[in-house]
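Let's take a walk through this model, starting from a pocket and moving out to the sheet beside it in the text.

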Amino acid sequence: MGVHDNADSKYIVMGTSSFSKLAPKRPTTVVFNESSSKIQKFEDNQQNVQAENVDKGNISLQQQRKSLPVYKLRKRLLEEIRRNSTLIVIGETGSGKTTQIPQLLLSSGIAGTIGCIGITQPRRVAAVSVARRVAQEQGVEPGKLVGYCVRFEDVTSSQTRIKYLTDGMMVREAMTDEILSDYSVVILDEAHERSVQTDVLLGVARRAQNLRKLKNLPPLKLLVMSATMDVDKFSKYFQAPAVYLEGRQHPVKIYHAVKSQEDYAFSALVTAFQIHRDNPANEDILVFLTGQEEIEAAAASARQVAKQLDGQGYPSLKVFPLYSALPTHQQLEAFKPSAPGMRKLIFSTNVAETSVTIGGIRHVIDTGVVKARTHHPTTGLDVLRVEKVSKAQAWQRTGRAGREAAGKCYRNYTKEEFERMKEMPVPEIQRCSLAGVALQLLAIGVDITTFDFMDKPPKEAVDVAVTCLEKLGAVKGSPPQLTTLGRTMSLFPLDPRFTKVILASAEHQCLEEVLTVVALLSGESVFTDPPAKRQQAYVARSRFASPEGDHVTLLNVFRAYANTKQKKVWCHENFLHHRNLEYAAEVRQQLAALAERANLEKASCGTNTERLRKALLEGLYDNLAELQRDQTYITVSSKQPVAIHPSSTLHGSKPPLILFTEVVATGRCYLRGLSVIDCSWVTDKGIGVGKHD
């Protein structure tokens with residue numbers, strides 16, 4: 001994935017006292033050593049996937065296409081695709097595989113005259129942005145010949161022949177069409193990412209291909225693409241040959257921190273402004289952080305420092321956040337080229353690791369951490385924690401700096417820390433809750449206990465998933481079979497427990513409220529927490545606070561938002577994320593349509609929000625924590641010590657029994673998304689409460 005040459009090592013000092021205003025009591029010096037490195041293999045989803053990125057003087061789109069390595073190798077590549085029903089394509093950075101191969105398949109006739117070419121992506125931003133680029137190259141509007149389909153947004157039509165979609169959307173299509181009959185070719189892109197949906201799709205696509213053979217139906221051609229995958233493992237799993245495409249990657253100099261950084265976010269900020277001070281304006285900066293809250297806080301600090309530097313001879317600085325919960329049009333803002341004399345500073349989660357080229361990036365700051373969700377079958381808890389990236393992820397991040405020109409990567413961790421990292425990330429299928437996967441597979445007609453995963457999930461995790469679905473009433477028998485309720489639950493693109501909450505809301509006469517709360521829980525937090533105005537934000541939040549907990553508080557926020565005309569202004573005044581509330585409103589609309597399809601009775605509980613909390617309990621009865629005599633909390637099902645997160649409405653109070661929707665691990669396990677539960681509500685479920693230590 002990369003050759004790391006340590007011969008050219010020296011020391012430089014990053015950070016100066018001029019940035020001490022960021023945090024006066026913290027050291028502002030970050031020291032890196034430098035190693036020269038030529039990045040040889042980086043995942044590429046497309047050279048310049050954004051239409052806005054293209055700034056090549058008078059070079060036409062078609063000339064740009066013809067300059068890509070894939071185009072030059074097209075005859076040999078198409079010959080291999082014709083010859084093999086399945087092909088592994090290793091495509092180096094800049095090879096152009098994601099945008100060009102589908103177009104070549106269409107123009108060469110390999111895809112036939114009917115049927116779609118489906119190209120799957122692990123992330124929504126990649127599916128949307130690449131589709132837009134290909135539509136532009138084809139000279140059509142998105143949604144006609146070229147379209148995309150992501151959760152809660154379908155921009156396709158009967159004319160669509162090239163369709164970009166997320167892994168999860170294709171798995172959902174397989175639930176109603178196990179042979180994927182709409183497709184003549186399926187391209188599984190970014191296969192190295194190994195998200196749970198990717199792993200399910202690998203098996204589902206291979207199964208669809210075999211079923212077509214058995215039924216003497218037109219064949220399904222599969223292409224599996226990446227640049228950093230374990231080729232032997234994929235070739236063995238698919239029993240398919242691999243072809244290698246050369247790419248274009250510019251040299252990237254790598255700098256490692258000389259000593260460990262305690263506060264990775266702060267040191268990244270200091271490094272960013274050192275780069276800003278010392279480099280030309282046309283060199284943009286990309287910083288990898290772990291989540292929305294961290295990114296928004298860093299962006300706010302960066303804007304503040306940029307203001308202080310105005311008029312001191314530095315380039316203008318425009319700061320962009322980038323994370324998956326941002327609405328698509330907001331995400332695409334980060335891709336637009338900088339105005340002359342202005343620098344972009346982008347704070348991103350790992351959504352920018354692969355898939356898309358952000359034009360202008362010459363400097364990458366890698367904090368070396370990522371937020372990952374891990375399910376613990378023994379405790380039954382989904383824990384969200386910040387952990388070290390793998391070496392493969394670190395190389396992916398480094399490669400972002402060399403997409404269009406020579407660049408630099410500043411790793412905010414030492415060379416020794418890098419050497420201790422895992423080679424590859426643990427596939428998500430081996431560390432997540434499998435209840436949703438089991439439900440999806442059963443809807444396709446596949447038993448998760450016998451499904452041929454590339455990497456088998458732990459048997460214990462599979463057993464826990466099946467037991468969870470049994471408790472929810474979604475499956476019964478051995479081997480497990482979907483019940484009528486389970487079939488209805490499979491219609492919803494949600495964790496089965498939240499789907500059960502929606503279905504239970506009909507009985508509790510509170511569908512309207514449950515749809516709102518589940519939609520809000522499906523995105524990022526709607527509350528902003530600007531460091532400079534924390535007290536004002538706290539006062540604003542308290543206007544919506546409910547003694548019943550965070551879910552009713554969220555409901556209060558959304559009701560007020562829905563009844564406001566000047567929504568953006570109102571959100572700003574109340575320290576709320578307008579775009580996150582906007583996203584929740586869109587999700588709610590989609591969920592309401594699914595609820596209608598499931599024939600759920602529309603009803604509102606009005607001010608009787610006890611009904612809402614009872615409905616939440618129907619799906620989340622395993623997520624309970626009980627107050628002990630020593631005034632601490634333990635989870636009811638697994639006896640794990642936990643605490644109420646400081647951001648919760650219930651922080652500082654001590655209800656005897658609480659329901660939670662998320663566990664976040666920092667130094668200890670904190671519960672977020674809480675509701676007060678009456679002990680009498682759980683007795684009929686056979687849950688033992690009231691047994692204090």
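Which helices and strands each supply at least two residues of the lining of the second largest pocket? They are β6 (146-150), β7 (153-155), α6 (167-176) and α22 (578-597), with helices (H or I, at least four residues) and strands (E, at least two) taken as DSSP runs numbered from the N terminus. Keep in mind that this is a predicted model, where local features need pLDDT of at least 70, side-chain atom pairs count only at pLDDT 80 or more, and totals for chains, interfaces and linings use all residues. Residues are numbered from 1 along each chain as its sequence is written, and side-chain values use heavy atoms, without hydrogens and water.

The pocket has a volume of about 520 Å³. Of its 20 lining residues, Met169, Arg172, Leu491, Leu594 and Arg597 are the closest to the centre. (On a 1 Å grid over the protein atoms alone, a pocket is an open set of points where a 1.4 Å probe fits, with protein on both sides within 12 Å along at least five of seven lines; lining residues have an atom within 4 Å of a point.) Helix α6 gives the largest share of the lining, five residues. Because domain 1 (64-245) and domain 3 (492-610) both contribute to the lining, the pocket lies between them; the domain bounds come from an automatic or database assignment.

Now follow β6 and β7 into their sheet, an open one of eight strands with mixed pairing, ordered β7-β6-β8-β5-β9-β10-β4-β11. Pairing here takes at least two DSSP bridges between two strands. Next to that, β6 runs parallel to β8 (residues 162-166) over four bridges, and Tyr148 has Tyr164 in β8 as its bridge partner.

Notes: Grid points are joined across faces, edges and corners, and a volume is the space filled by probe spheres set on the points.
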